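I opened my notebook to look at one protein from the inside out. These are my entries, in the order I made them.

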Amino acid sequence: MRHTSLSASHRAACTRPLDRSPLQMLEESFLALATAPQPLTLPARLVCEEPEQDVLPVDQVRTRLAHAAICPALREQTWGEVIRRAQRLGEPWDTVAVAMTVPVLRRMLARLAYPAHLERAEVEQEALAAVAVALPSVDADATDAARELFAAADRAVHRLAYAARRRTERETGQDAAHLGRLAGTAYQTDLVGCHVDVPGAEVGEEGDEYAVLVRVVRARVVGIAEAQLIARTRLGGESMQRLASERGVSVRQLYRRRAAAEQQLAVHLRHQQRDQ
């Protein structure tokens, strides 16, 4: 019952406008789990070679996990246990698993170069959504399983930064000719006024973004709603907050849907490239 209440509070927090840092919002949910009257804990042996107590609150586990002095074997077994619990038990362990990535995500985002008009809140949310989408498919028994989560976040934020730069180029008229070619395709696909970057697609007659979306919708790789979501937000410039309100879902849910759809697109396109 305690965990259900905390989970409900976490979902409610996700529906608020992005007027605070998404990482900060996640931290609040995570620390609430660690500091509750009956804190969420993990076996201390996961992160301590000679533990002085049987269990540790999850925030203390994360602190030890992020310390440079922890041996690789302890780090791997801790990540494996956290990922397994998230996959098998769901909330609140999926919140814990994503929150465990925060120290690395903060360092990753601090190094990321992205256009000034791209809000940091959107970058953070993109990274968190990518981790959440990748979490169910990670092999918890693999060596350094956490690397897959970090790699998913890294790919997502670089895609976002690339899309923002492309949007800036079009707004300054550097890509007007390409936009003109895409206008007719947009009309045909009911994605009017939007444009999309698809991971793995090459720019050109066969690779322009609208044409790729048309093909993958027809191939049932993604649905029309997902294609419209990608088109309207990636290079159409519409905010995720606006679309979330329009569709009656939380911003975090919408980010996860977009990340999942883009992951499906990337897999499909890689398979196509191998077959050619």
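**Entry 1: what "buried" means.** Before anything else I wrote down the cut-off: a residue is buried when its relative accessible area is under 20%. I looked up Leu-26 with that in hand, and its relative accessibility is 2%, so Leu-26 counts as buried. I also noted that Leu-26 sits in helix α2. A reminder to myself: this is a predicted model.

**Entry 2: the whole protein.** I went for the overview next. I found 13 helices and 2 strands in the protein. Of its 276 residues, 48% are buried. Then I checked how far along the chain the contacts reach. Taking contacts between residues at least 6 apart in sequence, 65% join residues at least 24 apart.

**Entry 3: α2 and α5.** On the α2 side the contact uses Leu-26, Ser-29, Phe-30 and Leu-33, and on the α5 side Thr-95, Val-96, Val-98 and Ala-99.

Entry 4: Is α5 enclosed or open? I found 7 of its 8 residues buried, so α5 is largely enclosed by the rest of the structure. The buried ones are Trp-93, Thr-95, Val-96, Ala-97, Val-98, Ala-99 and Met-100. I then stepped back to Pro-92, in the loop between α4 (72-89) and α5. Most peptide bonds are trans. The one joining Glu-91 and Pro-92 is cis, with omega about 5 degrees.

**Entry 5: α2 and α3.** I checked another neighbour of α2 (residues 22-35). The axes of α2 and α3 (residues 58-66) come within 7 Å and cross at roughly 115 degrees. Here α2 brings Glu-27, Phe-30, Leu-31 and Ala-34, while α3 brings Val-58, Asp-59 and Arg-62. By class that is 4 nonpolar, no polar and 3 charged residues.

Entry 6: I tested the length of α7 (residues 120-134). At 1.5 Å a residue, its 15 residues should span 21 Å, and the end C-alpha atoms are 21 Å apart, so the two agree. I also saw that 14 of the 15 residues of α7 are buried, so the helix is largely enclosed by the rest of the structure. In the loop between α7 and α8 (146-171) I stopped at Asp-144. Most residues other than glycine have a negative phi. Asp-144 has a positive one, near 55 degrees. Its relative accessible area is 26%, so Asp-144 is partly exposed.

**Entry 7: a buried arginine.** My last stop was Arg-234, in α11 (residues 224-234). Its relative accessible area is 2%, so Arg-234 is buried. I found 8 of the 11 residues of α11 buried, so to speak mostly covered.

Notes
Residues numbered from 1 in each chain as written. Predicted model: local features only at pLDDT ≥ 70, side-chain atom pairs only at ≥ 80, totals over all residues. Heavy atoms only, no water. Axes fitted to C-alpha atoms, helices over the stretch in contact; angles between N-to-C directions. Helix = DSSP H or I, 4+ residues; strand = E, 2+ residues; numbered from the N terminus. Contact = heavy atoms within 4.5 Å. Nonpolar A, V, L, I, M, F, W, Y, C, P; charged D, E, K, R; others polar. Expected span 1.5 Å × (residues − 1). Buried < 20%, exposed > 50% of the residue type's maximum accessible area, 1.4 Å probe, protein only.
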